Amino acid sequence: MTLKPEISWTDFEKIDIRCGTILAVNDFEKARNPSYQLEIDFGDLGIKQSSAQITSLYQKEELVGKQVMAVVNFPRKQIANFFSECLVLGVYGEDKKDVTLLAPSLPVKNGMQVG
């Protein structure tokens with residue numbers, strides 16, 4: 001495993017990572033790899049959409065109501081006919097196909113920031 005280049009504290013401060021609650025999950029039929037379309041409530045930041053390749057470990061029904069961590073200050077990215085507005089964070093499994101979502105260990109208010 002290769003370590004990425006060191007970054008400064010200023011670099012880290014540019015990344016806006018927030019907690020949100022998944023409101024809705026749909027199959028993303030037009031994605032190249034098996035994916036879900038997520039609607040996530042980030043409190044005062046509003047509701048954002050994201051595409052996530054998490055189908056191997058998570059069923060749609062278990063994701064609704066789950067809190068997740070996401071980068072919310074990336075530019076929108078078009079994936080097929082869908083615009084992803086945030087990047088949901090997770091840990092890759094050894095095969096890089098299974099992704100375990102990052103989530104707070106206790107409930108927190110939507111929109112709270114990692115720091």
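Is phenylalanine 82 buried or exposed, and what is its relative accessibility? Select phenylalanine 82 to find out: with 6% relative accessibility, this residue counts as buried (buried is under 20% relative accessible area, exposed over 50%, partly exposed in between, with a 1.4 Å probe and protein chains only).

Before moving on, note that this is a predicted model, in which local features need pLDDT of at least 70, side-chain atom pairs count only at pLDDT 80 or more, and totals for chains, interfaces and linings use all residues. Residues are numbered from 1 along each chain as its sequence is written, and side-chain values use heavy atoms, leaving out hydrogens and water.

Next, look for aromatic pairs: the whole structure has two (rings of Phe, Tyr and Trp, the last by its six-membered ring, pair if their centres lie within 6.5 Å; planes under 30 degrees apart are stacked, over 60 edge-to-face, the rest tilted).

Select tryptophan 9 and phenylalanine 12. Their ring centres are 5.2 Å apart and the planes meet at 45°, so this pair is tilted. Both residues belong to helix H1 (residues 9-13), three residues apart, about one turn of the helix (helices are DSSP runs of H or I, at least four residues; strands are runs of E, at least two; both are numbered from the N terminus). Tryptophan 9 is exposed at 57%, while phenylalanine 12 is partly exposed at 27%.

Phenylalanine 28 is in the loop between strands S1 (17-27) and S2 (36-41) and phenylalanine 82 in strand S6 (residues 82-84), so the pair ties together parts 54 residues apart in sequence. Phenylalanine 28 is buried, at 5% relative accessibility.
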